[in-house]
Structures are given as structure tokens and as C-alpha cells.
Amino acid sequence: MEDLLDHISAEIYQNSYVIVDNFIDENFRKALLEEQINLVNQGKFRHAAVGKGGQKQVRTEIRSDEVLWMDADDLSPLQASYWAKVEEIRKVLNQRCFLGLRSFEGHFARYPIGSFYKRHLDQFHAVPHRVVTVILYLNDSWTSEDEGVLRMYFSQEDGSERYEDILPLGGRLVVFLSGEIPHEVLPTKKERISITGWLRNID
Ligand SMILES: O=C(O)CCC(=O)C(=O)O
Ligand SMILES: [Fe+2]
């Protein structure tokens with residue numbers, strides 16, 4: 001974990017994003033996935049909203065995933081174990097990148113077949129406190145035919161833009177600066193399961 005934390009902080013510092021494969025081992029991934037599927041089956045997931053506070057609304061033309069927010073005071077042992085790993089990332093990013101990260105918030109996400117999340121930034125006027133986005137994919141298998149990629153956009157020095165498509169491979173962790181990298185989830189052809197969270201500069 002030490003080397004990995006070094007790697008994550010160095011990449012965030014230099015490139016504003018990092019992708020780590022096999023961030024969790026297969027047994028842990030399968031257990032988290034099973035727990036999440038049970039919660040889905042219990043009807044606990046809701047259409048995700050966009051915006052914040054009074055502005056919050058379900059806009060399925062912008063995002064059509066379903067989410068369940070994690071309750072920091074009521075985490076299952078598996079969730080607590082993932083939370084602890086994110087806590088390590090939070091600390092190393094503060095030490096090496098001076099990001100002043102104070103807390104984490106996160107939700108489970110389920111993208112049913114055909115769902116997507118249009119291009120956006122995770123940090124904007126309504127949610128200014130999200131500094132670092134942390135996504136963990138839990139899917140059993142994924143190929144390019146399943147689509148549903150995370151597309152991240154990068155502006156280049158000549159003013160043009162390039163993008164990179166990231167498959168939501170199980171065990172893969174994606175970390176990036178919430179206010180710097182516009183991204184979207186392209187329509188998925190297979191149910192797509194993940195945990196998305198944000199390290200914030202408030203408590
Ligand atoms: O699941 C993903 O790949 C990205 C999700 C996302 O952009 C978000 O929830 O803000
Ligand atoms: Fe996002």
C-alpha cells in the first residue's frame with residue numbers, strides 16, 4: 001500500500017488523475033458487489049439527482065444511474081474497510097499535494113442497461129467542496145463491447161481537446177481532481193456497478 005500511495009499522489013500531482021488496477025483483491029471486490037446487489041434488490045437505490053440543496057432534481061436526460069448514499073455512521077464492515085483505504089489516500093494527498101482534504105462522501109452507483117451520465121465536472125458552483133473524485137468499479141467482467149466507458153477529457157497545450165476512455169473493470173480505481181477533468185459515462189450495454197465518492201475540503 002505504501003508504494004501504491006506514493007504512486008497515486010505522484011500521478012495526481014503531475015497529471016491530475018491516476019488509474020489503479022486491482023486496487024482491491026478479487027474476494028473483497030466480489031463481496032462488495034454482492035452486498036451492493038442485495039441493496040439494489042431491497043429497492044434501496046434511487047434515481048440520482050443533479051445539483052445540490054434546493055436546486056437538486058432528477059434529470060434523467062443528464063444522468064440515468066441509480067444511487068445509494070453511504071452513511072458514514074452506518075457502514076457495513078466491507079464498506080468500512082473500503083472507507084479506510086480511501087482515508088489512506090486522503091492523508092497521502094494532503095501530505096504530498098497539500099489539498100486540504102477533510103472528509104469523504106460517497107455513493108454506490110448502478111447504471112442499468114442504456115443509462116449514462118452526460119459530460120460534467122464534479123466540482124461546480126453548487127458543489128464547490130469536492131476536490132478529488134474517487135471511483136471504484138465492482139463489475140465481474142467488462143469488455144469494450146459492453147461500452148459504458150468513463151470518458152475523460154483533457155485540454156492540450158494547443159487549445160484542442162483529447163479524450164481517454166476507461167473501461168469500468170472490476171477492482172479498478174480512478175482518482176482525479178474533481179474541478180479539472182470534465183468526464184462522462186457513455187451509455188452502457190450491461191449493468192454497471194461502482195462506488196463513487198469525493199474527498200472534500202470541508203468536514
Ligand atoms: O462511474 C463513472 O465512471 C463516473 C461517475 C461520475 O462521473 C459521477 O458519479 O460523477
Ligand atoms: Fe462525475
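Which residues of H1 are buried? The buried residues of H1 are Ile8, Ser9 and Ile12, where buried means that 20 or more other C-beta atoms, placed from the backbone, lie within 10 Å of a residue's own, exposed means 12 or fewer, and partly exposed lies in between.

## Basis of the description

This is a predicted model, in which local features need pLDDT of at least 70 and side-chain atom pairs count only at pLDDT 80 or more, while totals for chains, interfaces and linings use all residues. Residues are numbered from 1 along each chain as its sequence is written, and chains are lettered from A and ligands numbered from 1 in the order in which they are written.

## The chain as a whole

The chain holds three helices and eleven strands, taken as DSSP runs (H or I of at least four residues for helices, E of at least two for strands) and numbered from the N terminus. Read from the N terminus, the order of these elements is α-β-α-β-β-α-β-β-β-β-β-β-β-β. The radius of gyration is 16 Å, close to the 17 Å that the globule rule gives for 203 residues, so the chain is as compact as a globular protein of that length; the radius is taken over C-alpha atoms, and the rule is 2.2 Å times the number of residues to the power 0.38.

Buried residues make up 32% of the 203 residues. Of the contacts between residues at least 6 apart in sequence, 79% join residues at least 24 apart, a contact being two residues whose C-beta atoms, placed from the backbone, lie within 7 Å.

The buried residues of H1, Ile8, Ser9 and Ile12, cover an arc of only 90° around the axis, which puts them on the same side of the helix, the arc being that of the directions from the helix axis to the C-beta atoms. Asp3, Asp6, Gln14 and Asn15 are exposed on the other side of H1, and just after the helix Ser16 takes a positive phi of about 70°.

Helix H2 (residues 26-41) has buried residues Arg29, Leu32 and Gln36, which fall within an arc of 70° seen down the axis and so line one face of the helix. These buried residues pack against H3, strand E4 (103-111) and strand E11 (192-200), whereas the face turned away from them carries the exposed residues Glu26, Asn27, Glu34, Asn38 and Asn41.

## The seven-stranded sheet

An open sheet of seven strands has the order E1-E9-E6-E11-E4-E3-E2, with antiparallel pairing, two strands being paired if DSSP finds at least two bridges between them. Its edge strands are E1 and strand E2 (46-47), each of which pairs on one side only. E1 pairs with E9 over four bridges, and Tyr17 has Phe176 in E9 as its bridge partner. H1 packs on the sheet, touching E1 and E9, and its direction makes about 145° with that of E1; axes are lines fitted to C-alpha atoms, for helices over the stretch in contact, and angles run from 0 to 180 degrees between N-to-C directions.

Strand E6 (residues 130-137) has eight of its eight residues buried, so it is largely enclosed by the rest of the structure. Seven antiparallel bridges join E6 to E11, with Val134 opposite Gly197 in E11, and five antiparallel bridges join E6 to E9, with Ile135 opposite Val174 in E9.
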